[in-house]
Each structure stands twice: as C-alpha cells, then as structure tokens.
Amino acid sequence: MDSKRSKNESSESDDSTRATNFPDEVLERVLGLVESNKDRSSVSLVCKDWYNAERWSRSCVFIGNCYSVSPEIVTRRFPNIRSVTLKGKPRFSDFNMVPPNWGADVQSWLSVFAARYPNLEELRLKRMTVSDESLEFLALSFSNFKALSLLSCDGFSTDGLAAIATHCKSLIELDIQENDMDDRSGSWLNCFPETFTSLETLNFTNLNSGVSFDALERLVSRCKSFKVLKVNKNITLEQLQKLISHAPRLMELGTGMFMQDLTASQHSELEYAFSNCKNLHTLSGLWEAKALYLPVLYPACANLTFLNLSYAALRSDEFAGLLSHCPRLRRLCVLDTVEDKGLEAVGTHCPLLEELRVIPDDPFDQEIIHGVTESGFLAVSYGCPKLHYVLYFCRQMTNAAVATIVKNCPDFTHFRLCIMDPGKRDYLTNEPMDEAFGAVVKNCTRLQRLSVSGLLTDLTFEYIGKYAKNLETLSVAFAGSSDWGMQCVLNGCPKLRKLEIRDCPFGNAALLSGLEKYESMRSLWMSACNVTMNGCRLLARDAPRLNVEVIKDEGSEDSLANKVYVYRSVAGPRRDAPPFVLTL
C-alpha cells in the first residue's frame, strides 16, 4: 500500500511539473485568449510561471483610480500594453462637488507611456484633466495610435482635437463625450488630411459649436468602414441624410437636430436613407424631435437594441409610436417627459428589455406636475421580465411597488432608484422606504450596484449588510439614523468595492468601523456627514497603506472633515495635491 501511495505521489508530482512547464510561448498564447481583467488577475496568482506569462501577454490594462498606482509601477508590471483605460476624479465631480484643479492630470502618465509604451494604440480616459498640450504630445508620441475616448474630462479645447486629427494617421476611433472643454470652433475637422481613410468611430455629440459640414461629409465619404457616427445638434436633417448615404455600414447613429422644414423630396430622401440602414442597432440624438419626422425612423428600428432619447423630450404618444417599431430593444434611455403612459408602452412593446434609464428633463423644477411615478415602473416590470439594470428618477414611490417590481424582475444587478425629494416617505402609507430596499436586497441576490433614496432609517442598512452579499457599489444620500447603519454595511457586504455617501448622519465611529474593509475596497467618499479631522487622522494612523484625503472648502470649520476621500494605493500619497487637499 505504501508503495502504491509513493507511486501515486510521484505521478502527481510529474503531472504538476508538466502543468507548469509549458513553453512560455504556448502559455502566453493561451492566456492571451483570456479577456476578463479579473480572470487574468486570478490566473497570475497560480504560480510564478503563470504570473510572468500573464505579465508579458497582457495588452490591455484598466486603472480605476489614477492615484491607486503610479505609471512607473504599471509599466514595470506590464511591458507590452497597447490599450489603457484610466479613471481620475471621484464620481461626485460629476455633480460639481470636487473643486477645480483637484488633480488627475494625464500628462505624467503620458510621459511615462511615451518612454515605455511606444506602440500604445488606445487610450480611454474618464474624469481626467487633459490639456491641449497633452493631446498634442499624445498625437506626436505614438506613431500607431488608433483610439482616443474622453469621457467627463476637462482642461482641453478643440485645438487639442485638431492636433489629434492632424497627426494620428492611423486613427480609428475619436469619441468625445460630456467633457468640460473650451469649444472654440468647428474647424478641427478640417485638420484630417485628405488622404486619411481609417476612421470607423466619430462621436462629437456634446460639442456646442458648429462644424465644417463640408469637411465632415468628405471625411465620412472617404472612410469606407464607418460604424459609429454621433454628431452634435448643429447638424440638420438634410445634412444627416447626406452623411447616412455615405455610410451604409453604420451600426450606431447619433442624429443632430431632428426638426427642419423639409420639402416632400427631402422628406422622401431622408426616409430612403434610413431604410438603407440595415445594420443599425443603436440610435441616439434626436434633439427637439418633431412628431412629424419620427416616422422616417421606423424602417431603421426593426433591429435596434439600444435607443437613447436622453436629448429628446418626447411625449407619451410620440414615444409609444416610435417604440412600437422597436421589438428587439434591450437598452433604453428616456426623459421623464414620456410619463407613466409612455412607460406602459415599454412594457407592451419591449419584452426583451434588459436596461432602463429614466432621467429628469428638468430636475430643478419643483412645480413640475408631469414626470413618472411608481405606476410606470410597475408597468415595465410586468412586461420586461429580463430587466436587470435600472436608473429611475421619480418624485414618488411606495414600498409595495418596489417589492412587486423586484418580484417580477429578480435578476437585477444594478438598481439605482432616485426619489428626487430628499427624505421622501412612502406617499401612501407615510412610512420610511426601508422595506422597499429591503425587498431589493432580499430578492435580487445578484445585485452588484445599489443607489438608495427617500426617507431611510438604519433598518435599510441592516438589510443591505445582511442580504447584499454580491454588492460592489453602494451610493447613499440623505439617509440613515446613526453610525450603526454604515457599520452594518461595512461589516456585512464582503464584495463591497466602492462606497459613496453624502449628507448622512454618519460620524467617526462609522468611518473607523471600516478600518480593515477599506484595504479591499477601491474607494470611500463621504461628504456633508459628521466626520471630524481627528477621526480621519486616526484612520490614516491605523491604515498606513490607505490614502486619506480631506478636501477643505473655503469657510469650513477646521475641526470638520466635510469631504473625505479614502482609497488604497501602492504608490503612496500623491505628490500633486493642491493646497485645499490635505493628505493625512
């Protein structure tokens, strides 16, 4: 028996040796087929050989916080990167809660990349500060650069876009969305050389200035592989028709202004152009769309999977008519001008819907009598059983409605409910909204992201801590009763990565209860809570691997920490913090 065991052990040892002695080229080729960053990170932990193979074979890297690591560390770890996704400022910068000049300047990254990644092809930036000089440096430093995406960035102008157009000879993608930039003129489109033919994606939806239509039309006509074209509201329907005619392979289209006095001939030409959009699966834009022209879209709607109407204030009847021609829709973004009746049409016509975003047309109008309620949300839940992502802005909600919604759609992974009046109760029972979110976390076991709103006590957070075992991101505003609520979340959600809190009664005890938890999280944001500078100093003292930053507002009390940003970092305290950011 001992002999047999010895023989088996020897065999297992040989198998183990064979498993780890793949030729490096074979192992790197196999790992190159693994696309998920999470999976690749797990693979790198198997053994030293696999770590090295993953290191050398990785071509894409995602960095969720530009201060969690340095560019020098990234380039040492991964020497062959071709594509970088880099995020900068906290999400609350989208709501003007992070002061200007906070940081997240991309130039230090570009300087290192130019030396270590000369073959860089793609750069995708979100909430980063990008100067015109940085864009010109980028354009001149990487000879084979192909894709640039700027989302919610600031610091640059159309002059920087001109540098990209002038020097990036192999550019395939230029995607500019929701940036705070100096929109000087539309002449940057003229900077693409007449010999340039490689562009496949162009998105300048949010630029305000007019562009040279002649330059745009020439660009679209000579780039034969155009797949994504999203223009700004200065493009007319007549011009849109010409662009579509030049790009028969379009898969995603963002229109300009969707109102114009067209002749009968122009109307027919526009309808014909849309009827030839056989590959179109995404449609957006439609600024100030007139009901008169919506029917020209119908021939192109049959294969739509994503309809983004966040710029089109359609009424319920107009919306329902369009929706009846979109049977394959899986993603939908609308303004609340469609009202509950419009959402009833969603439940009727869109059985395959997986993602719904309903955003307010005018969030600051307190006298508004229109909008959506729990009734519209319920109608969607009855007709769309595959729904798993929702962002829903409304002015009223009930516990019973939410409980029914999650019973109808138990596969939610993202549930973001925003009742726009802070502290709003269940308007029928006058009870807190605790049971609504309790129902969400009890029924939706796959939930990864949750945003809560309305009047909430600590009971909501007890439910979250007890049941939300797959939760990764939690956003909280104007909620909770005491420190106990936050403590429940930090002690009970094992996969929590991002916690965003504002205007809540949580103080030092709540902050310090996450001492061990923060090591495994990406970040914590707390603003307008009851945290003090002493509490932040204690956290920084006991967790030296965390960066604990306090953003001091002008006129705020010295003892209070009004805005606290905590994140893990292998690079240590950042060196570019402005005077109003105190690193403890």
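## Starting at Gly 347

Leaving aside its neighbours within four places in sequence, which residues is Gly 347 in contact with? The list is Ala 379, Val 380, Gly 383 and Cys 384. Before going further, keep in mind that this is a predicted model, and every value below is computed from it.

Gly 347 sits in helix α13, which runs over residues 339–349. With a relative accessibility of 14%, Gly 347 counts as buried. For a sense of scale, take Gly 347 and Val 476: they are 129 residues apart in sequence, and their C-alpha atoms are 29 Å apart in space.

## Ser 381 and helix α14

Ser 381 belongs to helix α14, residues 374–383. Is Ser 381 buried or exposed? At 2% relative accessibility, Ser 381 is buried.

As for what surrounds this serine, its side chain reaches the backbone oxygen of Leu 378 at 2.7 Å. If you set aside the neighbours within four places in sequence, Ser 381 is in contact with Ile 405, Asn 408 and Cys 409.

## The nonpolar core

How many residues does the largest nonpolar core have? The count is 176, and the residues with the most contacts inside that core are Trp 188, Leu 202, Leu 216, Phe 415, Leu 450 and Ile 464.

Leu 216 is a handy one to zoom in on. Not counting residues up to four places away in sequence, Leu 216 touches Leu 189, Leu 202, Phe 204, Val 211, Val 231, Ile 235 and Leu 243.

## One side of helix α6

Helix α6 covers residues 107–116, and its buried residues include Trp 109, Leu 110, Val 112 and Phe 113. These four span an arc of only 165° around the axis, so they lie on the same side of α6.

## Salt bridges

Searching the whole structure turns up 22 salt bridges. As background, side chains of opposite charge can pair when their charged atoms come close. One of the bridges joins Arg 502 and Asp 503, with 2.9 Å from N to O. Arg 502 is partly exposed at 25% relative accessible area, and Asp 503 is partly exposed at 28%.

Another salt bridge links Arg 124 to Glu 122, with the closest N and O atoms 3.4 Å apart. Arg 124 is partly exposed at 23% relative accessibility, and Glu 122 is partly exposed at 26%. Then there is Asp 576 with Arg 574, where the closest N and O atoms are 3.1 Å apart. Here Asp 576 is partly exposed at 37%, whereas Arg 574 is buried at 9%. Back at Arg 124, salt bridges that share partners join Glu 122, Arg 124 and Glu 173 into one network.

## Two positive phi values

Most residues other than glycine have a negative phi. Leu 286 is not a glycine, yet its phi is positive, about 60°. Leu 286 is found in the loop between β11 (282–284) and β12 (306–309), and with 0% relative accessibility it counts as buried.

Asn 430 also has a positive phi, near 65°. Where is Asn 430 found? Its place is the loop between β16 (414–419) and α16 (434–443). Is Asn 430 buried or exposed? At 51% relative accessibility, Asn 430 counts as exposed.

## Cysteines without disulfides

The disulfide count comes to zero. Cys 301 is in no disulfide, and the nearest cysteine sulfur, that of Cys 326, is 3.9 Å away. The cut-off for a disulfide is a pair of cysteine sulfur atoms within 2.5 Å. Cys 301 is buried, with a relative accessible area of 0%.

How values were computed
Residues numbered from 1 in each chain as written. Predicted model: local features only at pLDDT ≥ 70, side-chain atom pairs only at ≥ 80, totals over all residues. Heavy atoms only, no water. Core = buried A, V, L, I, M, F, W, Y, C linked by side-chain atoms within 4.5 Å. Buried < 20%, exposed > 50% of the residue type's maximum accessible area, 1.4 Å probe, protein only. Contact = heavy atoms within 4.5 Å. Salt bridge = Lys/Arg side-chain N within 4 Å of Asp/Glu carboxyl O. Polar contact = N/O pair within 3.5 Å; in protein donor to acceptor, adjacent residues only side chain to side chain. Arc of directions from axis to C-beta.
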